[in-house]
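I opened this model to look up its charged pairs, one of its pockets and a few single residues. My entries follow in the order I made them.

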Amino acid sequence: MSARPRKNTYAGLTDVGRVRTHNEDAILLEPPLFAVADGLGGHEAGEVASNTAIDALVTSAPRRPDAKALGRAVRTANRAVIQAAHDGLGRDGMGTTLTAAVVEGGRIAVAHVGDSRAYLLHGGTLERITEDHSVVADMIRQGTLTEEQSRTHPNRSVITRALGTDNNMYPDTFEVDAETGDRLLLCSDGLTGMLPDAEIAEILDTYRDPDVAVRMLVDRANEAGGHDNTSVVLVDIEAGRGGLAAPRAPRGWTSVLVWTFAFLAVLAIAGWGTYRYAQERAYLVDEGGVVVLYRGVPGEFAGVSLRWLEAETTITVSALDIVTAQRLANGVPVENVEAGFDLIEQYRARIDPPALEPSPEPEPSAGTP
Ligand code: MN
């Protein structure tokens with residue numbers, strides 16, 4: 001091994017852009033913790049939301065790449081933003097995205113809400129590792145909009161999940177493994193709205209000094225128009241560092257056997273862990289126009305779907321507000337089945353407020369013929 005300093009090198013930059021007068025983004029560079037937050041709600045609110053979220057994250061985030069713990073810290077940050085508005089800081093309805101990562105060697109834990117993004121540059125290829133929680137991302141997933149069209153769509157900045165509005169808000173969380181030489185990029189939509197992924201990849205591949213690379217990303221976003229605040233955090237991965245250090249390559253067939261067994265054991269544990277994890281979780285989803293509760297998680301894992309029908313409801317999705325309806329199209333994750341039933345009751349109360357409107361059931365004494 002070389003004598004290079006065995007540490008993750010990193011850099012970050014946040015810039016107001018060419019059009020806005022205030023920067024409502026906030027970034028965090030406190031290794032092993034990194035984050036980008038993009039505040040919403042206007043001046044004196046957006047920046048309060050993003051900074052409140054970052055402050056709460058710093059005090060509650062794990063110092064190891066534990067996605068579940070990082071997810072809990074993001075939920076704490078969510079409550080902090082809601083509480084801040086309640087306390088008269090910022091304003092009601094303010095919110096923020098939050099994309100956070102804990103990096104230890106090659107292990108990366110991510111927790112994510114909104115349309116800021118995490119990418120991994122690996123071998124010159126830029127892989128988006130977060131899914132946007134936005135109206136246009138939903139439309140792309142449904143096949144009604146292309147990536148290119150989403151850049152100019154009037155609803156391009158409407159997000160379907162944010163910190164600061166919903167106590168039940170739940171972040172996406174996951175862990176990934178990266179290799180030495182890979183680069184982790186966190187960024188706000190001020191970057192991705194101005195530059196296509198191919199250009200971001202080219203810049204990251206060309207400028208190996210992280211300070212230079214973040215400067216180039218921001219400059220190019222501004223050259224392209226700088227329509228929004230632009231924030232970037234770049235972490236160079238040094239996989240040999242930290243408690244989860246990559247093992248040295250085994251030599252000889254006994255080592256190969258040992259490593260094969262270790263690999264199979266990890267696969268089995270990962271599979272069992274995923275199954276147990278799915279069993280604890282739940283989500284609500286739009287199925288045929290009504291709200292349905294599943295135990296498990298949306299999507300498939302290695303071709304296997306991990307979901308079990310828990311309850312069908314009579315709540316029609318079209319009776320709910322548009323943001324909730326959009327979220328239900330992809331599934332609204334909740335902590336467990338109980339929380340799912342709670343959320344169903346909240347939906348029901350929204351469309352059928354008790355004691356304010358007559359029940360939809362015909363009342364025998366209500367004077368109907
Ligand atoms: Mn933005």
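**Entry 1: a network of charges**

Which residues are linked in a network of salt bridges? I looked this up in what is a predicted model. The network is made of R117, R128, D132, E147 and D197.

E147 and R117 form a salt bridge, with 4.0 Å between the closest N and O atoms. I noted that this pair links distant parts of the chain, as E147 sits in helix α4 and R117 in strand β7 (residues 117–122), 30 residues apart. Is R117 buried or exposed? R117 counts as buried because its relative accessible area is 8%, under the 20% cut-off. E147 is partly exposed, at 33% relative accessibility.

**Entry 2: other salt bridges**

How many salt bridges does a search of the whole structure find? The search finds 24.

I looked at R75 and E335 next. Their side chains meet in a salt bridge, at 2.8 Å from N to O. The two residues are 260 apart in the chain, with R75 in helix α2 (residues 67–86) and E335 in the loop between β15 (332–334) and α10 (337–351). R75 is buried, with a relative accessible area of 14%. E335 is partly exposed, at 39%.

The next pair I wrote down was E287 and R307. They form a salt bridge whose closest N and O atoms are 3.7 Å apart. E287 is partly exposed, at 32% relative accessibility. R307 is partly exposed too, at 36%.

**Entry 3: helix α3**

Which residues of helix α3 are buried? In this helix, residues 135–142, I found V135, V136, A137, D138 and M139 buried. I then checked what covers them, and the cover includes α4 (147–150) and α9 (322–330). Just after α3, G143 has a positive phi of about 85 degrees.

**Entry 4: the second largest pocket**

I went on to the second largest pocket, whose volume is about 690 Å³. It is lined by 32 residues, and those closest to its centre are D115, R156, S157, D189 and G193. The elements giving two or more residues to this lining are β3 (33–40), α3, α4 and α5 (189–192). Which element gives the most to the lining? That is α3, with four residues.

I also sorted the lining by residue type. The lining has 15 charged residues, twelve polar and five nonpolar.

**Entry 5: T192 in α5**

T192 lies in helix α5. Why does T192 count as buried? T192 counts as buried because its relative accessible area is 8%, and the cut-off is 20%. I listed its contacts, leaving aside neighbours within four places in sequence: R117, Y119, R151, C187 and I200.

**Entry 6: D219**

Where does D219 lie? I found D219 in helix α7 (residues 210–223). D219 is partly exposed, with a relative accessible area of 26%. I then checked D219 against G17, which is 202 residues away along the chain; their C-alpha atoms are separated by 9.1 Å.

**Entry 7: the chain as a whole**

I left the totals to the end. The protein chain has ten helices and 15 strands. What share of its 369 residues counts as buried? The share is 45%.

I also looked up contacts between residues at least 6 apart in sequence, and 68% of them join residues at least 24 apart. The chain exposes about 18400 Å², and carbon and sulfur atoms supply 54% of that area.

Methods. Residues numbered from 1 in each chain as written. Predicted model: local features only at pLDDT ≥ 70, side-chain atom pairs only at ≥ 80, totals over all residues. Heavy atoms only, no water. Buried < 20%, exposed > 50% of the residue type's maximum accessible area, 1.4 Å probe, protein only. Contact = heavy atoms within 4.5 Å. Areas by Shrake-Rupley, 256 points an atom, 1.4 Å probe, with all protein chains shown as cover. 1 Å grid on protein atoms, 1.4 Å probe; cavity = no way out; pocket = protein on both sides within 12 Å on 5 of 7 lines; lining within 4 Å. Points joined across faces, edges and corners; volume = space filled by probe spheres on them. Nonpolar A, V, L, I, M, F, W, Y, C, P; charged D, E, K, R; others polar.
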